[in-house]
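I opened this model to look up a few things and to write down each one with its cut-offs. My notes follow the order in which I looked.

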Amino acid sequence: MTDRIEIRNLFKIFGKHPEDSLRRLREGATKETLLAETGSVLGVDNVSLNVPKGSISVIMGLSGSGKSTLARCVNRILEPDGGQILLDGEDITCCSPDQMREIRRHRISMVFQNFGLLPNKTVIENVGFGLKLRGMSERERQRKAEEMLEVVGLSAWGSHLPASLSGGMRQRVGLARALATEADVLIMDEAFSALDPLIRSEMQDELLRLQTRLHKTVLFITHDFQEALRLGTRIAIMADGALIREGAPQEIVEDPRSEYVAGFTRGVDRARLFDAQSIMRTDERDGFRLDKKGRVESWRKEGGPSMDFMTVNLEDKLIEIARRARSGRPIAVIDDTGRFCGHIPQDALLAGIAGAGDATPKSETKEPVA
Ligand SMILES: Nc1ncnc2c1ncn2[C@@H]1O[C@H](COP(=O)(O)OP(=O)(O)O)[C@@H](O)[C@H]1O
Ligand SMILES: [Mg+2]
């Protein structure tokens, strides 16, 4: 997977003499001592992070952990004080203001909280509004806006004013507008955080659905770990300006690596998060017998009777598997082509759902940054 964005050793300091602060940090100052000694706030502390093409990469952290600062540094609305931002392999920290404007217009677009529709413009005009600012022709704009409205299922509402739509529909219009831009890297800073829970969960589904069609690269920022789990291909967790853990959602829940991260992962519904692949055994074949193409034919142990078995796909979630499982019935995991990949013993299924040892991190280490 190629990376659209690479953040390398990024620093952002709010204060009078960032150079001096950087020197102090190199000499061992911390966020606290820096603040105490100089009054400067360390907003982003040596963060390195890659955003793979087509992913939804989530930055998660409590309020004040530096998420927005990091996000704004990525498109240089805020100027980083150290480090690099690579966009498609090219360092944009040395681009001129004009070049940056072009980049923001055509390549990275930023979506803010409560999408703020213009009340006196129709739905279709709202969706096309961002494109107008980009100097697209009337005709092209209309076509693009109609296409996006169709994608979010609101084709019939184009000529209405926002006030005649429900809250959830207005949010979808906002999302359509955000996605209508030609920029295929989107930074969404707490875009859903102000929504009430039902609409929020609808919007999360909507984003996931749109993503399967549009394949944008999304840097999604949230303070909500559940939201991070739901949306993230990858999740990066920040605390005090630093990145303390990065990985796939399952990996992080499986091994939080610090008490701090474990605080978020406790109580996570593992059955909905983990899939067959994550718990299957591949070291032995149990009693499964395969045909020439590697597909499961039957289950029988040496000298024993053959037995009815079930198959599940690599990506099937544990909750689905548990619903279909019957006591004692062997479970084979197969890929898209039907080939045997591994099997799931009953106790592994139970342990996977219950999360054996999930309350304590396996190793109390800070993720090495860079
Ligand atoms: N313009 C600013 N001047 C001084 N400090 C700031 C400024 N913007 C943010 N900060 C500080 O930087 C830290 C990170 O803030 P922010 O990135 O907004 O966090 P988050 O988005 O995770 O809530 C906080 O301590 C905040 O007070
Ligand atoms: Mg913020």
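The entries below go from the whole chain to single elements, then to the ligand and to single residues.

**Ground rules.** I am working with a predicted model, in which local features need pLDDT of at least 70 and side-chain atom pairs count only at pLDDT 80 or more, while totals for chains, interfaces and linings use all residues. Residues are numbered from 1 along each chain as its sequence is written, chains are lettered from A and ligands numbered from 1 in the order in which they are written, and side-chain values use heavy atoms, with hydrogens and water left out.

**Whole chain.** I found 15 helices and 15 strands in the protein chain, where helices (H or I, at least four residues) and strands (E, at least two) are DSSP runs numbered from the N terminus. Along its principal axes the C-alpha trace spans about 75 × 60 × 35 Å. Of the 370 residues, 49% are buried; buried means under 20% relative accessible area, exposed over 50% and partly exposed in between, with a 1.4 Å probe and protein chains only. Taking contact as heavy atoms within 4.5 Å, I read that, among contacts between residues at least 6 apart in sequence, 66% join residues at least 24 apart.

**Helix α7.** The 14 residues of α7 should span 20 Å, and the end C-alpha atoms are 20 Å apart, so the two agree. Twelve of the 14 residues of α7 are buried, among them Met169, Gln171, Arg172 and Arg177. The cover over these buried residues includes β6 (108–111), α5 (123–133), α6 (138–151), β7 (185–189) and α8 (197–214).

Next I looked at Thr181, in the loop between α7 and β7. Thr181 counts as buried because its relative accessibility is 7%. Its side chain reaches the backbone oxygen of Ala178 at 3.3 Å, which I list as a polar contact: a pair of N or O atoms within 3.5 Å, where within protein one must be able to donate a hydrogen and the other to accept it, and residues adjacent in sequence count only if both atoms are side-chain atoms. Not counting residues up to four places away in sequence, Thr181 touches Ser109, Leu131, Arg134, Leu186 and Lys216.

**Ligand 1.** Which residues are around ligand 1? With near meaning that a residue has a heavy atom within 4 Å, I listed Phe14, Lys31, Val41, Leu62, Ser63, Gly64, Ser65, Gly66, Lys67, Ser68 and Thr69. Helix α3 (residues 67–74) gives the largest share of this shell, three residues. A backbone N or O atom of Gly64 lies 2.7 Å from an oxygen atom of the ligand, a polar backbone atom of Ser65 is 3.2 Å from a ligand oxygen, and a polar side-chain atom of Lys67 lies 2.8 Å from one. Taken alone ligand 1 exposes 560 Å², and the protein buries 60% of that.

**Aromatic pairs.** I used the rule that rings of Phe, Tyr and Trp (its six-membered ring) pair if their centres lie within 6.5 Å, with planes under 30 degrees apart counted as stacked, over 60 as edge-to-face and the rest as tilted. The count comes to five aromatic pairs. Phe288 and Phe309 form an edge-to-face pair, 5.8 Å centre to centre with 85° between the planes. Phe288 is in strand β11 (residues 288–290) and Phe309 in the loop between β12 (296–299) and β13 (310–313), 21 residues apart. Phe288 is buried at 3% relative accessibility, whereas Phe309 is partly exposed at 21%. I also noted one aromatic cluster formed by Phe225, Tyr260 and Phe264.

**Ala332.** Ala332 is in strand β14 (residues 331–334) and is buried, with a relative accessible area of 0%. Leaving aside neighbours within four places in sequence, its contacts include Phe288, Val296, Met310 and Phe340.

Most residues other than glycine have a negative phi.

Definitions and conventions
The expected span of a helix is 1.5 Å times one less than its number of residues. Accessible areas come from the Shrake-Rupley method with a 1.4 Å probe; for residues, only the protein chains shown count as cover.
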